[in-house]
Amino acid sequence: MTPEVGLDSPVYRILGPLAVETPDRRSVRIPRGRQQTVLSALLLGANRVVGIDHLIDVLWDDDPPPTARTQVHIAVSALRTGLTKAEHEHVILTREPGYLLQVPDEQVDARLFTALMARAEELARRDRTADAAEHTRRALALWRGPALSGMPSPRLQARAVQLNEERLAATETSMELQLRLGRHHQLIGELSALVDEHPLRERARSLLMLALFRSGRQAEALETYRRGRRLLIEQLGLEPGEELRNLESAILAGDPGLRPGRPVSSVRRPEPPAPPGLVAPRQLPTDISDFAGREGRIDEATRLLGDDGDHRATRVVVLAGKPGAGKSALAVHLAHRLADRFPDGQFYCDLGGTRNSPAAAGDVLGRFLRALGIPGTSIPESTEERAEMYRHLLASRRALVVLDDAATDTQVQPLLPGSGDCAVLVTSRVRLTGLAGARVLDVDVFGHDEALGMLAKVIGEQRAGSEDAAAGELVRMVGHLPLALRIVAARLAARPHWSLAWMLERLSDERRRLDELAHGELVVRSSLALSYDGLSDRARLLLRLLSALDGTAFPPWVAAALLDTDLYQAAELLETLVDAQMVEFATTDRAGELRYRLHGLIRLFAREHLHREDPADHRDAALGRVVGGWLALAAEAHRRIYGGDFTVLHGNAPLWHHPAAYLDEVLADPLGWLESEHTQLCSAVGLAADAGLDEPCWNLATTLVTLFEARCYFDDWERTHLRALEAVTAAGNRRGEAALLCSLSTLHLSRSQLTAAGRRLDSALVIFSDIDDPHGRAMALRNRALLEQRRGREEHAMESYRSALEEFTRVGDSIGRANVLLHMARIELDREDEQGAARHLDEAFDVCGATGGNRVRSQARYVLSDLMQHQGRYEEADAVLRELLGVVRESRDMVGEIRILRRLGSVNARLGRREEAERQLREAVEICEQAMDQVAAAETRLELARLLAD
């Protein structure tokens, strides 16, 4: 999706007289004459090399003086000096054969105009007419008169004519879009003036005719046509074009197609086919390129799931079979084949039925609701309410849900949509007969021909056909089991010099009990042992240690931490395991880093060897290094977001350090990295808890609040902290216990659970005081103040804030201080003490400036906009809020977007911009409805009602 064009005002203006501003919007004087001419030429060719010969032509046309080159150099040098004084450093660069003006496109009004119009064209193609009209309005607002007006150069004036023509075309486009929105009455005056100024432009005349006709003024519309026809014949000797003639005929015939349709809403809507407000998830894993066989099951499942007949109940198909039978591969392949029949989304979740802790239905529902676009703040807490919301959202959609590795009927039941237009595909080791109406399809081992077909597809038809007898014996020897057969076929494909007979001999020599392949899990164990035994000692050790993880995809550094070696050696061993089909390549992450995972059955096999061959202390030390690696990354991400180790408590857990270059690469967007890794990070908390690593467990859990709070991951927040709380309580770790209790109180405050927050805070404050931890006490006192503020006890809140401020100052937590100051400013505003609020705000801004805390600076600017409203500085408040709106939209903060749009609506109402205020409030209502936040929607509608009543 193309990003929205930025809202920043340009600092270089050529759409009108040449004008330049400093970054803080002060005017920069550019001397008239050569300097203005050269700068105009460089701006027209911004970010491209403009040759000296071209600059000479611009300045002197065809009659340059002998000193022309020298005078160009002097003009450029003077420009550089002037722009540097105006804080435009290193803007004009010398690049053969001339100069390069290096400047962001959005800072040049002509470039920004082009970008806005291109975006408007794209939005119009996607039927987002109101947004397209808004972009054309912003584009035309950049103009301050004819382009480069007052510029004497004939060469520049020729370019100015082209720009002015683009402005005229944009004006017509804007009028056309507004006509689509049903604003024909309001446009007649503007269109009449446009036609009077440009009487020979047929597009403008046709728009005026259409506006008049839609306003019930048919006779005037026809007279407009006749006037234009006379002008064209008299001045050019031409008849009107086909479009104008057809429009006249349609008006004469009263063509109903000319009547205005329903006005297009001014709020944004997602693209079809998803209903307004929701997205269409595409969560299916990658299909297997060499998938073979199963045609009978594919046809039957396709008929059951893809039938488009009349259904009142959700279609459910369960693929059941023994481990290694290929159920998951078949389910994913089926889902991809059926995807086109379910255009409103394809959901996927591994339910972990073969793991020690299968996924809870409530957690899966939370993932699915978030994938539909529902923010964390709007997701209910109970599984039952989540299931109701999930069924409601899918009631009018055609979606496919794939639930892989289900454990029980009760795990699956809440995940079933209620609509007959949806379908569900489940895989399980057991036959889930308790799902009403579900069809269970048994997935058994391959038939003989299917097994031969799969082998031939992986190693090649010619190679398999040249040893057909050996191929037949080989598939029989592995019991036709897909997993075992795929491992053997992959080894053959990786070693083209091996014959099938040699592979058959190896199987015979190394596995004399292959006749047991048809008996349960021994089939898998024997097949996996074949590959495991062929590995080096180091590779086997890595495989065993990897099995101690929970089975999610992992980056290569995890293998390095397990072995306590460098990344390159670990990557080599991983590739060895991939070649042996013991580890599989999962995906490439957002930073381009490879991810690996163990198949569930291979993990179980390797874990048996881990407990048999490796001492417990070695295993725990390896897991401690992995958790230490995740903690090091999460802590560094927090530092880059907040400007340091602020508003977070750290313990003495050992860290596994990463190279600085690696940190810079993966943490270029620290909050984005935290979100992309949040499943792994939460898993690491559980891993530490299971291993009894209490210190890294609580430290990682509390550090992850940076993510949980920003993205409203309240379920993960609570789950990780409760797991960590069990670990620290069992270990008698009082500081970790207090840190977790304090953090949980923040979560309760976010959920408006004030009583629970108070209980957690009381316990945390007692422990922090007992162990004399001023930093922990500062954070608990801040939360105590927030609790008192929420209860309406402002004096008690201010007392706690002052105490917290002293403690934060004592430990040097600058961002903690700034956060407290903002809350104090908020209370002062509620008391109508503008001076007190301004004093606290100024101090908070000073702190942010010294530390570089962008997140808290944005919060400070939001409070500043409130102060500006109190002081009647509505224009300034509007500018601050528009800047913040771009920030929250970039970070996908839906709650912040609602708040800022509501406040923008209030500010613009005060400024008399009623249409703008109404648009912003309606957009806020739309987002509230997307988030299913009915309370906020009702409050916003009340503001909108007041505006409309006025």
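**View 1. Overall, 54% of the 950 residues of the protein chain count as buried.** Buried means under 20% relative accessible area, exposed over 50%, and partly exposed in between, with a 1.4 Å probe and protein chains only. This is a predicted model: local features need pLDDT of at least 70, side-chain atom pairs count only at pLDDT 80 or more, and totals for chains, interfaces and linings use all residues. Residues are numbered from 1 along each chain as its sequence is written, and side-chain values use heavy atoms, with hydrogens and water left out. The protein chain has 43 helices and 13 strands. Helices (H or I, at least four residues) and strands (E, at least two) are DSSP runs, numbered from the N terminus. Along the principal axes, the C-alpha atoms fill a box of roughly 100 × 75 × 70 Å. Contact means heavy atoms within 4.5 Å. Of the contacts with a separation of 6 or more, 68% come from residues 24 or more positions apart.

**View 2. Confidence is lowest in helix H21 and highest in helix H30.** pLDDT is the predictor's confidence in each residue, from 0 to 100. Helix H21 (residues 522-532) has a mean of 57, and helix H30 (residues 694-703) stands at 96. The protein chain has a mean pLDDT of 83, with 91% of its residues at 70 or more. Residues 261-277 fall below 50, yet this stretch has 38 contacts in the model beyond near neighbours in sequence. Residues 509-524 also stay under 50, with 23 contacts beyond four places in sequence.

**View 3. Strands E1, E2 and E3 form an open sheet in the order E1-E2-E3.** The pairing is antiparallel. Two strands pair if DSSP finds at least two bridges between them. E1 and strand E3 (27-28) are the edge strands, each pairing on one side only. Two bridges join E1 and E2. Arginine 13 stands opposite alanine 19 in E2.

**View 4. Leucine 18 sits in the loop between strand E1 (12-13) and strand E2 (19-21).** Leucine 18 counts as buried because its relative accessibility is 15%. Leaving out residues up to four places away in sequence, leucine 18 touches Arg13, Gln36, Leu39, Ser40, Leu43 and Met151. Glycine 33 lies 15 residues along the chain from leucine 18, and their C-alpha atoms are separated by 12 Å.

**View 5. Phenylalanine 113 and tryptophan 143 form one of eight aromatic pairs in the whole structure.** Rings of Phe, Tyr and Trp (its six-membered ring) pair if their centres lie within 6.5 Å; planes under 30 degrees apart count as stacked, over 60 as edge-to-face and the rest as tilted. Here the centres are 5.6 Å apart and the planes lie at 85°, so the pair is edge-to-face. Phenylalanine 113 belongs to helix H4 (residues 109-125), whereas tryptophan 143 lies in the loop between helix H5 (129-141) and helix H6 (154-180), 30 residues apart. Phenylalanine 113 is buried at 3% relative accessibility. Tryptophan 143 is buried at 7%.

**View 6. Phenylalanine 714 and tryptophan 717 form a tilted aromatic pair.** Their centres are 6.2 Å apart, with 45° between the planes. The two residues are three apart in helix H32 (residues 714-731), so about one helical turn separates them.

**View 7. Ring pairs link Trp557, Trp630, Trp656 and Trp673 into a cluster.**
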